[in-house]
Amino acid sequence: MRRVSAQVIEDWQLYSQLLELQAIQPQSLLLHPYKTIRTPFEWDSFFLYKRPYNGVMNLNQATFTTSAPKLSRCPTESIAEVAFAGRSNAGKSSALNRLTGVNGLARTSKTPGRTQLINYFELDEAHYLVDLPGYGFAKVPLKIRQQWERHLEEYLRDRKALRGLIILMDIRHPMTDNDRQMVEWSHFIDRPIHILLTKADKLKRGAAMASLHKVEATLKTEFPGITVQIFSSTKGIGVDEARQTVMNWLTSD
Ligand SMILES: Nc1nc2c(ncn2[C@@H]2O[C@H](COP(=O)(O)OP(=O)(O)OP(=O)(O)O)[C@@H](O)[C@H]2O)c(=O)[nH]1
Ligand SMILES: [Mg+2]
């Protein structure tokens with residue numbers, strides 16, 4: 001029988017635990033039947049075909065690649081990736097689906113705390129979009145939350161391929177304490193940040209613009225260099241602008 005190291009088994013156990021919390025349903029297993037890793041042996045020799053990078057990148061080529069429980073399990077061949085972070089339920093997975101135009105790419109849910117793993121979507125062999133687990137959701141068990149905070153910190157600090165971070169905030173209550181912590185941390189480690197004020201369709205135009213201007217004023221004084229825009233996955237508001245930022249980061253040297 002093949003042997004795998006204790007570290008592989010430990011990582012696989014963490015993966016399984018998070019996968020369960022993420023509650024992957026049979027439908028999504030059908031969508032990605034060969035991509036759910038069932039044993040530590042498969043986990044150790046996980047292999048997927050990668051689309052070669054031919055100099056042309058298109059967001060709608062995005063396909064699910066893998067789910068990683070921590071940095072050391074993220075794809076090693078990544079040259080450039082853009083991550084989506086934000087409070088649980090802020091609309092990260094919906095934004096990924098809308099920006100790529102691939103329906104059902106990332107799992108969305110009315111129940112907060114659904115994305116528990118670092119979910120990778122490849123555009124080609126070297127470029128990825130990354131759906132990070134949402135922070136600030138009290139119902140996720142404390143131990144998992146602490147573990148996750150450690151892994152998120154490690155990912156943001158040490159992931160060389162990370163070209164930029166899209167931080168999503170609900171336009172009706174942006175810059176919560178958790179959001180602020182996220183912005184401060186990412187700003188500190190010198191990663192470019194672009195904020196999407198999501199669910200803009202839930203506010204009238206005037207109120208949406210007022211929220212935008214308030215966040216802009218805060219950023220100008222406290223976090224110069226960070227950009228912000230309004231966004232709605234449902235109504236398609238701000239999609240082109242957000243796509244442009246993501247593509248610029250992915251193609252920058
Ligand atoms: N009205 C409106 N609802 C949205 C929008 N974006 C997301 N939602 C809804 O908000 C809920 C959460 O969306 P998700 O995309 O799953 O949020 P998430 O940030 O990925 O959540 P976690 O994975 O739990 O961290 C779902 O019910 C979505 O349909 C939007 O632009 N407008
Ligand atoms: Mg999600």
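This is a predicted model: local features need pLDDT of at least 70, side-chain atom pairs count only at pLDDT 80 or more; totals for chains, interfaces and linings use all residues.
The exposed residues Asp177, Glu184 and Phe188 sit on the face of helix α6 that is turned away from its buried side.

On the buried side of α6 we find Asp179, Met182, Val183 and Ser186. Viewed down the helix axis, these buried residues fall within an arc of 95°, so they line one face of the helix. What do the buried residues of α6 pack against? Their partners are β2, α5 (142–158), β5 and β6 (193–198).

Just after α6 comes aspartate 190, with a positive phi of about 65°.

The secondary structure amounts to eight helices and seven strands. Of the 253 residues, 38% are buried. If we take the contacts between residues at least 6 apart in sequence, 75% of them join residues at least 24 apart.

I turn next to strand β2, one of the elements against which α6 packs. How many of the residues of β2 are buried? The strand runs through residues 80–86, and seven of its seven residues are buried. Ala80, Val82, Phe84 and Gly86 point one way, while Glu81, Ala83 and Ala85 point the other way; all are buried.

Strand β2 has pairing partners in β4 and β5. With β4, residues 127–131, β2 pairs in the parallel sense over five bridges, and here phenylalanine 84 stands opposite aspartate 131. With β5, residues 162–170, β2 also runs parallel, and six bridges join the two strands. In that pairing, valine 82 has glycine 164 as its bridge partner.

In soluble globular proteins, nonpolar side chains tend to be buried together. The largest nonpolar core of this model has 54 residues, and those touching the most other members are Phe84, Val130, Ile167 and Leu197. Strand β5 gives the most to this core, with six residues.

I shall close with two loop positions. The loop between α5 and β5 contains alanine 161. Is alanine 161 buried, exposed or partly exposed? The residue counts as partly exposed, because there are 18 C-beta neighbours inside 10 Å. Alanine 161 and isoleucine 79 are 82 residues apart in sequence, yet their C-alpha atoms are 5.2 Å apart in space. Beyond residues up to four places away in sequence, alanine 161 touches Ser78, Ile79, Ala80 and Glu81.

The other position is threonine 111, in the loop between α4 (92–100) and β3 (118–124). Threonine 111 has 10 C-beta neighbours inside 10 Å and therefore counts as exposed. Along the chain, threonine 111 and serine 88 are 23 residues apart, and 9.0 Å separates their C-alpha atoms.

Technical notes:
Residues are numbered from 1 along each chain as its sequence is written. Chains are lettered from A and ligands numbered from 1 in the order in which they are written. Helices (H or I, at least four residues) and strands (E, at least two) are DSSP runs, numbered from the N terminus. A residue is buried if 20 or more other C-beta atoms lie within 10 Å of its own, exposed if 12 or fewer, and partly exposed in between; C-beta atoms are placed from the backbone. Two residues are in contact if their C-beta atoms, placed from the backbone, lie within 7 Å. Two strands pair if DSSP finds at least two bridges between them. The arc is that of the directions from the helix axis to the C-beta atoms. A nonpolar core is a set of buried Ala, Val, Leu, Ile, Met, Phe, Trp, Tyr and Cys residues joined through C-beta atoms within 7 Å.
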